[in-house]
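Colleague: I have a new model open. Can you walk me through how to read its features?

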Amino acid sequence: MKTLRNLFMLVLCVLMLVPTTTAFAANTETHQYVEVYVNNKLVDADVYVDNDIAWVANYSQLYLIFPEETRNFNFPAVQEASSLKNWAIRFGYDLRVTNDAVYLSKGNTVTVPENIRIYVNNVRVKDVSAYLENNIVWLSSYSDVYKVFPTETKDMYLPTVKEPTRLQSWATDFGYKMVVDGFTVFLTKENNTPQQPNKPSNPGNPSIPNEPTIPGEPSMPNKPSNPTDTENVKVYVNGMLIKDVSVTLNSHGKPVVSDYSEIRKIFPNETKNISFPAVKGAIELRQWTYNFGYTCIQKGNRVYLSNSGVTPIEIYLDTALIEFPDQQPVLLNNRTMIPIRAVSESLGWNVSWGENIVTITNNYHTLILYIGKNYYTIDSVRKTMDVPAQIINNRTMVPIRFVAEAFGYNVGYDGSGDVKVVTINR
């Protein structure tokens with residue numbers, strides 16, 4: 001009799017441990033599990049969604065989802081599903097259920113995390129950081145490109161700077177079809193059909209759509225597949241025009257090169273020990289400037305790069321921009337120094353060179369400059385200036401204000417923008 005009483009008490013204790021019948025579903029069907037996020041962290045637990053209700057496959061999953069709250073719990077070992085919502089309420093969590101994931105949050109409003117899931121040929125890519133912005137999928141940095149496309153990038157050198165890059169561009173370059181379904185991205189190659197592994201199919205929703213048309217892209221660093229503007233871009237590095245380099249503007253007005261050989265022309269020292277792939281395709285120039293430690297200032301189809309503090313300057317004669325064939329104007333001691341030959345040709349002056357002497361004439365005046373000296377003569381009258389004429393990269397550089405005003409021109413200066421502007425008015 002005593003033995004029967006003890007057995008009865010044991011059964012009663014087990015029944016008291018099990019929540020009410022609304023907390024579990026006796027369902028023997030096979031379910032496909034969804035992902036579980038607790039406070040925006042992915043938890044490896046077996047949870048499925050049935051009729052918009054999230055269920056844990058068995059009680060042991062609650063230890064994984066609520067480790068702190070269940071530390072002193074002793075759940076039954078039976079394989080019985082249990083409603084996740086009841087446990088979330090009991091432990092003070094907010095719950096959000098979607099078709100392919102469950103989100104739990106304590107103390108904060110439940111939000112879907114920015115990071116999205118990426119599958120390549122139906123295999124999920126681990127430890128990759130990506131997000132959705134304006135219906136465009138961005139990888140958080142170029143290191144994530146290696147993770148998504150390890151085979152295609154094994155011989156590639158990508159920038160180490162942490163800047164976002166558009167996933168669609170890389171997928172197109174490497175021959176993948178890309179489908180975006182909510183917060184999940186499917187990349188497939190050849191004859192593979194995009195499928196979400198281990199995810200439940202929802203008969204109430206349509207099948208995965210074809211690749212969506214992506215609306216206007218934000219002006220963020222990207223790798224577009226093809227430039228659409230054939231206008232040639234001029235590139236200046238530390239005040240020198242880079243010749244014989246092919247740079248164009250893409251559809252968003254960003255400078256791109258057609259292949260990595262153009263990168264070598266722009267950055268010969270930085271790339272001498274780098275082995276680039278032989279692939280063709282538009283490569284945005286800006287990503288390499290950051291990677292090599294250069295500032296990048298763009299004004300229309302002119303791009304100014306510097307790693308030595310050189311300030312870009314443009315010289316206008318009235319409203320016409322004066323083009324310099326190699327050495328560009330520079331700032332020295334707050335004075336604008338210009339290559340005298342290009343300006344003289346634009347103004348119709350005659351220039352001759354002697355030993356450390358530059359003579360500039362027009363129909364009315366004669367100006368003599370002395371290389372390295374802070375004085376000059378105008379019509380035989382000696383005057384001083386604070387910055388002497390000097391030779392830079394085999395070009396004779398003179399202070400534009402002293403020279404122009406000596407011939408009766410007005411000189412204006414606008415230093416408000418990233419590119420400084422000097423105007424010579426006749």
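This is a predicted model: local features need pLDDT of at least 70, side-chain atom pairs count only at pLDDT 80 or more; totals for chains, interfaces and linings use all residues.

Colleague: Start with strands. How do strands 18 and 19 run relative to each other, parallel or antiparallel?

Modeller: Strands of a sheet pair through backbone hydrogen bonds, either parallel or antiparallel. Here strand 18 (residues 247–249) and strand 19 run antiparallel, joined by 3 bridges. T248 stands opposite V256 in strand 19.

Colleague: On to packing. Which residues touch the most other members of the largest nonpolar core?

Modeller: In soluble globular proteins, nonpolar side chains tend to be buried together. In this model the largest nonpolar core has 45 residues. I118, V148, F149, L167, L187 and I266 touch the most other members. A second, separate core has 31 residues, including V358, Y376, F402 and V403.

Colleague: Take L187. What is it in contact with, leaving aside neighbours within four places in sequence?

Modeller: L187 is in contact with I118, V148, F149 and L167, among others. Its list also includes Y119, V120, N121, A171, Y176, K177 and M178.

Colleague: Rings next. How many aromatic pairs are there?

Modeller: The count comes to 19 aromatic pairs. Take W288 and F292: their ring centres are 5.8 Å apart and their planes are at 35°, so the pair is tilted. The stacked class needs planes under 30 degrees apart, and edge-to-face needs over 60.

Colleague: Are W288 and F292 buried or exposed?

Modeller: W288 is buried, at 0% relative accessible area. F292 has 15% relative accessibility and also counts as buried, because the cut-off for buried is under 20%.

Colleague: Which residues form an aromatic cluster?

Modeller: F66, F73, W87, F91 and Y93 form one. For a charge over a ring, look at R382: it lies over the face of Y375, at 3.7 Å from the ring centre.

Colleague: Now single residues. Where is Q328?

Modeller: Q328 is in the loop between strand 24 (320–321) and strand 25 (330–332). Q328 is buried, with a relative accessible area of 4%. Its side chain reaches the backbone oxygen of D326 at 2.9 Å. Beyond residues up to four places away in sequence, Q328 touches Y236, G239, M240, L241, R302, P339 and M397.

Colleague: And how far apart are T98 and D52 in space?

Modeller: They are 7.6 Å apart, C-alpha to C-alpha, yet 46 residues apart in sequence. T98 is in the loop between strand 6 (94–97) and strand 7 (101–105). Leaving aside neighbours within four places in sequence, T98 is in contact with V49 and Y103.

Note on methods:
Residues are numbered from 1 along each chain as its sequence is written. Side-chain values use heavy atoms; hydrogens and water are left out. Rings of Phe, Tyr and Trp (its six-membered ring) pair if their centres lie within 6.5 Å; planes under 30 degrees apart count as stacked, over 60 as edge-to-face and the rest as tilted. Buried means under 20% relative accessible area, exposed over 50%, partly exposed in between (1.4 Å probe, protein chains only). A charge sits over a ring if NZ of Lys or CZ of Arg is within 6 Å of the ring centre and within 35 degrees of the ring normal. Helices (H or I, at least four residues) and strands (E, at least two) are DSSP runs, numbered from the N terminus. Contact means heavy atoms within 4.5 Å. A nonpolar core is a set of buried Ala, Val, Leu, Ile, Met, Phe, Trp, Tyr and Cys residues joined through side-chain atoms within 4.5 Å. A polar contact is a pair of N or O atoms within 3.5 Å; within protein, one must be able to donate a hydrogen and the other to accept it, and residues adjacent in sequence count only if both atoms are side-chain atoms. Two strands pair if DSSP finds at least two bridges between them.
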